[in-house]
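Me: I have a model open and want to go through its folds with you. Can we take it piece by piece?

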Amino acid sequence: MIAHVDHGKTTLVDALLQQAGGFRENAVVVDRVMDSMDLEREKGITILAKNTAVRRGDIKINIVDTPGHADFGGEVERALTMVDAVVLLVDASEGPLPQTRFVLRKAMELELKIILVVNKIDRPDARIAEVVDETYELFMDLDATEEQIEFPIVYTVAREGKATLDPNEPGENMDVLFKVLIDEVPAPLHDPEHPMRAWVTNLDSSPYVGRIAICRVEHGTIRKGSTIAWCKADGTIANAKIGQLSITEGLERVDVEEAGPGEIITVSGIEEVTIGETLADLADPRPFPAITVDEPTLSMTIGANSSPLAGKEGSKLTARQIKDRLDKELVGNVSIRVNDTARPDTWEVQGRGELQLAILIEQMRREGFELTIGKPVVLTKEIDGKVHEPTERITIDVPEEHVGSVTQLLGERKGKMENMANHGHGWVRLDYVVPARALIGFRTHFLTETRGTGMLHHMFEGWIPWQGELRTRPNGSVMADRKGVVTPHATLLLQDRMALYIGPGAEVYEGMIIGENARSEDMDVNICRTKELNNIRTQSSDDTVRLTPPRIISLELALETIADDECVEVTPENVRLRKVALNAGERARLLKNKKRPRE
Ligand SMILES: Nc1nc2c(ncn2[C@@H]2O[C@H](COP(=O)(O)OP(=O)(O)OP(=O)(O)O)[C@@H](O)[C@H]2O)c(=O)[nH]1
Ligand SMILES: [Mg+2]
């Protein structure tokens, strides 16, 4: 299942599982059952690719559900190595979007059979025929072969479990989709003469058996308890013994004695196995090539919490613990990288995008970590002796009246318009190519300008020569000038001149950012000031009534908001913005040194 984010992949898998009897009788079934991680359920998106399997008659269909968000593209690339065909979902109203292009291109490169599913045909704003045309255009744009372009089309309402071949005749159930899958998807191709080999494409772990390798068997049969050749990432080959062997049926893993070509299996017993390695025939091992995924485009630093409030809320505070956790992440997450920095308690983590790195940080804080996170920066690359920076293709849908302000916003960010289309319904679609760096923090401005109505999707496009300085943040920061507790009195005095991030009772320290200045420069204020009056009780309860609620800063928003000289303090309970240099005098000195060479 591949698609742009939210086009209905996981919901479609629900429907297939349901109708193929994938759920046990009287099992409690939740919506989007494959989104089983806490964070996936909270955010309503898929983060990790996961596999399931359904049976239709005597045919077993292994299904891999993939994430649609561009930041998790590495998961999709890896999932594509496990399948013979893809179902490309396209929302009947939104049509193909940037991530549709990315996943389709990857599937075409692997020459996988493609089935188009136009989903959500029940939407009142569905424009089915146009969306199909746009999809054909996308195929041609990607230089599809004649064979690839003759894809079958199924129309669905995944949420109601209905599929049809004729968009004017609503379907009853998923039968036609099952039929198309069975008719069109080739049975797993394999060579009966080829010695056994299986490709490790994912990892899992269990408290009982330790590390579990998830593999696809390409040729031959793999057996429980047998000794195989373990072809390692470093090129060496060692003997290894298969512990437990299981396959997937519905949502369960079932232990089996052996598994053959096309099966997606889980194997325990090889504690050090990693993604991309091959399990092969002992007598004639033939390793797969390494799994390669696209390069990271963004990096940020993750280090120990160095704020004056460090150590109060978390249980994992040391550099050692952070390094161990990052190393653990590297094993299972093919699209991130971790590098040392000049500081012994800080690492540079590279990934595909802000959301991907924010999810990692979110997981760490839930595990009890306290961290300091640096500003996300795009990764540059030298091409022909010149520094190049990444660009993103961005697709925007906005009501007509906001087109002016959005084009201005993107103009300031050196965006180039590629296309503008009016789909009717009063909405306009804009396609831009923009330096990736200009998009950090863009979403917030964009939503403000479009009164929260605009939709925005972007993904990596290519490299262009460095575009010079970009001014992307019009507002300065407001910092606390001392350690203390925020008072209602000071809040009242300041709230009209700035948007505050915290309210009375919050702990602050010198150099901690407490709000956004209405003006462009930074400012230090005393947010702990108390009133000199004596009748404090009545006064302060009065005050409380007139207080504007603080602007809540989520982790993602914090990462988008901070300037070069700022960072984010993350603890299990709080996300605080701060200056890298906390002391006001030191900051002034740094600013002076920075200005001097240019003047
Ligand atoms: N109207 C309508 N909504 C649908 C249909 N199918 C799915 N949805 C809704 O679309 C939203 C996204 O569905 P998901 O199944 O999570 O989409 P996804 O493609 O798995 O999303 P990611 O994994 O995050 O990329 C949910 O709110 C679904 O209820 C449909 O056929 N019609
Ligand atoms: Mg999903």
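Me: In what order do the five strands of the open sheet come?
Reply: The order is S1-S4-S5-S6-S7, and the pairing is mixed. Strands are DSSP E runs of at least two residues, helices are H or I runs of at least four, and both are numbered from the N terminus. Two strands pair if DSSP finds at least two bridges between them. This is a predicted model, where local features need pLDDT of at least 70 and side-chain atom pairs count only at pLDDT 80 or more, while totals for chains, interfaces and linings use all residues. Residues are numbered from 1 along each chain as its sequence is written, with chains lettered from A and ligands numbered from 1 in the order in which they are written.

Me: Which strands stand at the edges of that sheet?
Reply: Strand S1 (2-3) and strand S7 (162-164); each has a single partner strand, so one side of each is left without a neighbour in the sheet.

Me: How many bridges join S5 to S6?
Reply: Four, between S5 (residues 113-119) and S6 (residues 153-157), which run parallel. Leu116 has Ile153 in S6 as its bridge partner.

Me: What does helix H5 touch on the sheet?
Reply: H5 (residues 128-141) packs against strand S4 (85-91), S5 and S6. Its direction makes about 155 degrees with that of S5, where angles run from 0 to 180 degrees between N-to-C directions and axes are lines fitted to C-alpha atoms, for helices over the stretch in contact. Contact between two residues needs C-beta atoms, placed from the backbone, within 7 Å.

Me: Switching to helices. At what angle do H3 and H4 cross?
Reply: Roughly 25 degrees, with the axes of H3 (residues 73-80) and H4 (residues 98-109) coming within 10 Å. The two are therefore roughly parallel to each other (under 35 degrees; over 145 is roughly antiparallel, 65 to 115 roughly perpendicular, the rest oblique).

Me: Which residues make the contact?
Reply: Gly73, Val76, Glu77 and Leu80 from H3, and Phe102, Val103, Lys106 and Ala107 from H4.

Me: What about the eight-stranded sheet, what is its pairing?
Reply: Antiparallel, in an open sheet ordered S12-S11-S17-S8-S9-S16-S13-S14. S12 (237-241) and S14 (252-255) are the edge strands, each pairing on one side only. The twist averages 40 degrees from one strand to the next.

Me: And how many bridges join S9 to S16?
Reply: Five, from S9 (residues 210-219) to S16 (residues 264-268), running antiparallel. Ile212 has Ser268 as its bridge partner in S16.

Me: Last one: how many helices and strands does the chain have?
Reply: It has 15 helices and 35 strands.
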